[in-house]
Amino acid sequence: MAKTALIISAHSADFVWRCGGAIALHANKGYDVTVVCLSYGGRGESAKLWKNEGMTLERVKTERQREAENAAKALGVANIRFFDLGDYPLEMTREAKDRLVDVMREVQPAFMMTHSKYDPYNTDHMYVSEWTLECRAIAQAWGHKPGEKILGAPQVYLFEPHQTEQMEWKPDTFLDISPVWDRKWAAIQCMEGQEHLWHYYKNVAENRANHFMRNSGGQSGGRKATHAEGFQSIFPRTVDEL
C-alpha cells in the first residue's frame, strides 16, 4: 500500500509556490499526495483576472480551478479537492471542519503540510494553520464517528510564507528538490493569474538550496543542491539515534 501525504492549502495556488517541490519529490518516491484547496482565492488572489472587463466571481473560480488542476498534474498529485469555502475572508463552519476531518481519516497521511501559524498580511493563511491542527486532533478522537479508523500522529510541516520575517516562521527542515525542480517550475507557470510571483518563488528555492548545502555540511562536504524548500515542523520527532 502506497504511503500518503496531505497538503492543506488556503487558496488554490498556495500548494504550488510553497511545497510543489515536496509534492513532486514524494510523488516520485511512490507517495499518493492529496491536495485540499479550501478556497480558490477568487476574491483576494486573482487581481490579474479581475482586471479583465466583465469578469465575474464564477469565471474567476473556473480559471483558478483550471490552473490548479494543471499544476497538480505537473507535480504528480494523486487527488486534488476543492472545498470552495470562499476567501477574504476564508471561513470554516463545523460542517466544513468535519469534511476536512473525513479527508484526514480517509487519506491517513504519513505527513501533512499547511500554512504558517501567523500571517498579518493574509489572515486566511493563519486561520487554516489553526484549523488544520484542530481537525487533526478531532481526526484522532475515538469518539468522533465511532467505528471509523482514527488518524495516527502525522507530522505537520508549515511551509514557507511570503515574508518570513513578519510571520514568526522559523524553518527547521530543508528539503532538496533539485531532482524535481523542472516539475515545480512547470507547475508555477500554470498559475497564470499570479505571474508576478513566478520568479519570486524561483529565487526562494535557490536561496533555500544554499541553506540546504550549508546545513548539510557546508564547505566541509555539504551536498550540492540547486533548489530546496524550507519547512517548520510542529511536533517533536521520535528517534533512536542522532
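## Terms and model

On a 1 Å grid over the protein atoms alone, a cavity is a set of points where a 1.4 Å probe fits but cannot get out, whereas a pocket is an open set with protein on both sides within 12 Å along at least five of seven lines; lining residues have an atom within 4 Å of a point. Grid points are joined across faces, edges and corners, and a volume is the space filled by probe spheres set on the points.

This is a predicted model, in which local features need pLDDT of at least 70 and side-chain atom pairs count only at pLDDT 80 or more, while totals for chains, interfaces and linings use all residues. Residues are numbered from 1 along each chain as its sequence is written, and side-chain values use heavy atoms, with hydrogens and water left out.

## Cavities

The structure holds two cavities of 30 Å³ or more. The second largest cavity has about 40 Å³ of space, and its lining consists of R18, H115, S116, D119, H125, F159, E160, P161 and H162.

The largest cavity contains about 70 Å³ of space. Its lining is made up of W17, R18, E160, K184, Y201, V204, A205, A228, E229 and G230. Helix 1, helix 8 (198-215) and strand 7 (228-233) are the elements that give two or more residues to this lining; helices (H or I, at least four residues) and strands (E, at least two) are DSSP runs, numbered from the N terminus.

## The largest pocket

About 350 Å³ of space lies in the largest pocket. Its lining comprises 23 residues, with E45, Y88, Q194, H196 and L197 nearest the centre. Helix 1 (14-28) and helix 2 (47-50) each supply at least two lining residues, and the largest share, three residues, comes from helix 1.

## Salt bridges

The whole structure contains 17 salt bridges, each a side-chain nitrogen of Lys or Arg within 4 Å of a carboxyl oxygen of Asp or Glu. R18 forms one with D14, the closest N and O atoms being 3.5 Å apart. Both residues lie in helix 1, four residues apart, about one turn of the helix. R18 and D14 are both buried (under 20% relative accessible area, with exposed over 50% and partly exposed in between; 1.4 Å probe, protein chains only).

A salt bridge also joins R94 to E134, with 3.5 Å between the closest N and O atoms. This pair links distant parts of the chain, R94 in helix 4 (residues 94-107) and E134 in helix 5 (residues 123-139), 40 residues apart. R94 counts as partly exposed because its relative accessibility is 42%. R94, K97, D98 and E134 are linked in a network of salt bridges.
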